[in-house]
Amino acid sequence: MSGQSAASSKKQPAPAPPTGKYLSWGRYPTAAHVHVQEPAWSDQVPAILKASSAASLLPYGLGRSYGDSCLNAGRGLIDCRRLNRILGFDASTGILRCESGVSFADIIEVFLPKGWFLPVTPGTQFVTVGGAIANDVHGKNHHCAGTFGSHVHQIAVHRSDHGLVTCSPGEDPQMFRATIGGLGLTGVIAWADIQLRHVPGPWIDVELVPFQSLNTFLDLSRESDGRFEYTVAWLDCLSENNPRGIFFRGNHSAETAKKFRPHHGPKLPFALPQAFLNRYTVKAFNTAYYHAHAAKEGSSLVAYDSFFYPLDSIRQWNLLYGKQGFLQYQCVIPETNVSALEELLARIARSGMGSFLGVLKQFGDAPPAGMLSFPRPGLTLALDFAMRGERTLALMRQLDEVVQQSGGALYPAKDARMSPALFGASFPHWRSFVQHIDPKMSSSFWRRVTEAQ
Amino acid sequence: MTMPQPTHPTAKQPPALQRVVVLGATSGIALEVQRQLAQRGCELFLVARSPQRLAALQSDLFARGAKQVLTCAADLASISQHSALFDHVRRQFPGYDTVLLTYGSMQDQKHSQASLDILLDELNVNFVSASAILTLFAADLEQRRTGCIAAITSVAGDRGRRSNYVYGSAKGALSLFLQGLRSRLHPAGVKVITIKPGPVQTPMTDHLPNAARFADPELVACDIVRALERRSPDVLYTPKIWRYVMTAVEHIPETIFKRLSF
C-alpha cells in the first residue's frame, strides 16, 4: 500500500525512460523526452502539473497519432495509460463515465456483451478515450454520426492554472470546444462522459462493391449514405488510368445467435528491412487485394473487429515500414472539387510512391464538434508513404499545393511535416484556440505549426 | 426410511475464489488481479488507505463484472487498526473464501541504511503489520476449516543482497511466516500461498533502472489468479523463470556472494 506513495514522494530524479518507448505510430519523427511521468491515479496529476520542472508537458495515450502531435521533443510527457478506470455507467441512458486512459478495446470488451458499442470508432481500437477526444476522431459512420467529440457530454480536465475544471456544451462551452480536437493542449483529461450506442450484437452486415473510377465511387457513396451507417473505400492508388477500389458498406446486424470469438493475429517482431516495401511488392499486393475482394462482391456477415479494425489483427504493423518509419497523408478535399482529388492521385501515381493503405471516405455535413476538428464536408483520402527522406517530403509538398488550392485541410493526428501556412489555412480558428491552452502544455506538432507565426 | 447419502467430502467444498478480501487494493499488482477477478464475477472486499482511490476502483471493478465490491479505507501499516478492520470485514463480508495480501513498500535501500525510522517503517509495513493482519484472518479461517490465504512477498526475500537487503529481509521474513502458517493451517484444510514475483512494472518500481524490462503486471496477475483458483502451488514464482533463477542464486557460495554488488 505504501509502495505507491513511497515511489512518488521520494525525491528521486525522474528516470529517463528509453526514448524508443514514446514514439508516434509512424515512428517518424523520433523524439527524446527528458521527463516522463506515469501517474497511476488521477489524484496524482495536479501534483505532477505543479511540480514539473520540464519546459512543458503533454498527455500521451497509446501513441496512435502518426506524426508528432503526441510527441514533445526535449520536454515532458504524462503517460496516461494507467488512468484507465471506468467511473460509472448508466444502463438506462448508455452514458459512460471513464478516465482518459481507458482504451476503446477496453470499452468494447466490457460493454459490447451488454449490448453497447462506441458511437464512433477510428480504424484501431487501441486508442484511449483521451486521445479520441484530443483528436476528435472520426470513423466510417461520419456521414450519419459526426465525430467522436459530438458524442461526449462532459469533460473534466486537470489544468495547471485552474485545477480540475469541468466543461460541457452548457458549462464553459468554449473550453469544451477547445478540448475536443485540442491535441491534448488544454490540460490532462481526467474523465469524460461518453454516449454509447445500443447494438444487437457483435456482427456487421457488410456489402462489398468494386469500383473502377472516382465517379463510380461518388455515386456509390451518395447512394449508400442513406441506407448504410458505415461506408468506406479502399483505393488502389497505383493502378494505371482510373483509380480502382473496393467500396465497403455495412450496418449493425440483428444476428445475435452466432457465436463470436475475438480475432487475435500475429505480431510483427521487429522493423522489416526498408526494401521489403517497394513499388513492385506494393503493386502486387494491391492487385491481389483488389481481386480477392472483388471476388467477394456482395453481402456477408462479418465480426465487428475485422470490419472496423482489420489492421489491429497484426500487432505493430507499423514496423512493416522499416526503421525509418512512414508518413500518413490524410487530407480532406471539398466535395465541389473532385478534380483536385484526381490531381492528387495523378501526382501520387506519377511519383511511383504510394501504398497499400489507400482509404477514401465521404464526410457528412455535421458541424465540427471542436475548434480544431479536422472533418468537414468533402472527401477524405488517407495514404501511407514509407519515409524515404527528402524524396517523400517533396512529394508531400506537391500534394500540399493541391490541398491548399482546393480549400482542403490536413489532419493533425496524421501529420509530421505540414507547413505553418497550410495549418493556418486548414484551421483558421487556431488563434482563438490559443487562449485555452494550458500554460504548461505544448507539443512538437504545436511548436512546429505555430511558432513561426 | 432412507438415510441421507453421505457425500464425498470434496464434493461439499464450495468452489474456490468467490469472495475475496484484498489487503492493499491500490497496489500495482492488486489492480491487475482485481480486474481479472472482476471478470470472473467474484465478490470483492477492498482495503487500502485512500477512500478516493477505493471509490474509483469500486466503480471500475463493478462495471467490469464483479458481483459486489465493498471497500474499507484503513492504513494496514497501523496495527492498532487491525482488529477493528478485521471485525468490519467479518461483519460486512461473511463467508469470504480468499484473503490476498498485496501491499508492500520498497524504499531506496540507502534511505533505510541512513535512517532507523525508515528502516523500521520498511520492516513494519512489509513484515510486522502483514503478519499481524494475517494472524487475525488465519484464526477465523482455521475455525471455519476452509479458505485460502495468499500474500505477495518477493524473490528479493530469497537471499540478502547488498542493494536491497532491508526490503528483502522483510519479505523473506514474511515468506518464512507464511511457510509456518501453511503448516499450521494444513490440518484445518486452509491453504496458504506464498507469491514471489520477480520485478514487475508497477508504480513501486518505476524509479528503478531497467523498469521497462520488468514483467508485465497483467501476466503476473494471470499466474496469481490461477494459483488462487487452484489453491496451489504452495509457493508461486511469477514469472516462472524466477524459480530457476533463484535456485541458482541460492547456490552461489556466500564467500563469492558477499562480493557481488547487485
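**Where the chains meet, and what lies inside them**

User: How many salt bridges does the rule find across the interface of chain B and chain A?

Analyst: This is a predicted model: local features need pLDDT of at least 70, side-chain atom pairs count only at pLDDT 80 or more, and totals for chains, interfaces and linings use all residues. Residues are numbered from 1 along each chain as its sequence is written, chains are lettered from A and ligands numbered from 1 in the order written, and side-chain values use heavy atoms, leaving out hydrogens and water. A salt bridge needs a side-chain nitrogen of Lys or Arg within 4 Å of a carboxyl oxygen of Asp or Glu. Across the interface of chain B and chain A, the count is 3.

User: Which element gives the largest share of the side of chain B that touches chain A?

Analyst: Helices (H or I, at least four residues) and strands (E, at least two) are DSSP runs, numbered from the N terminus. Elements giving two or more residues to this side are helix 2 (28-39), strand 2 (43-48) and helix 3 (51-63) of chain B. The largest share, 7 residues, belongs to helix 3 of chain B.

User: How many residues on that side of chain B are charged?

Analyst: Ala, Val, Leu, Ile, Met, Phe, Trp, Tyr, Cys and Pro count as nonpolar, Asp, Glu, Lys and Arg as charged, and the others, Gly among them, as polar. The side of chain B that touches chain A has 14 nonpolar and 14 polar residues. Its charged residues number 8.

User: What area is buried between chain B and chain A?

Analyst: Buried area is the accessible area (1.4 Å probe) that two parts lose on being put together, summed over both. Carbon and sulfur atoms give 50% of it here. The total for chain B and chain A is about 2600 Å².

User: Which residue of chain A forms a salt bridge with B:Asp206?

Analyst: B:Asp206 sits in the loop between strand 6 (191-197) and helix 8 (217-230) of chain B. The closest N and O atoms of the pair are 2.7 Å apart. The partner, in the loop between strand 3 (76-79) and strand 4 (86-90) of chain A, is A:Arg82.

User: Is helix 10 of chain A roughly parallel or roughly antiparallel to helix 11 of chain A?

Analyst: Axes are lines fitted to C-alpha atoms, for helices over the stretch in contact, and angles run from 0 to 180 degrees between N-to-C directions. Helix 10 (residues 338-351) and helix 11 (residues 390-406) of chain A pack at about 175 degrees, with axes 10 Å apart. Angles under 35 degrees count as roughly parallel, over 145 as roughly antiparallel, 65 to 115 as roughly perpendicular and the rest as oblique. Therefore helix 10 of chain A is, relative to helix 11 of chain A, roughly antiparallel.

User: Which residue does a cis peptide bond join to B:Thr238?

Analyst: Most peptide bonds are trans. Here omega is about -15 degrees.
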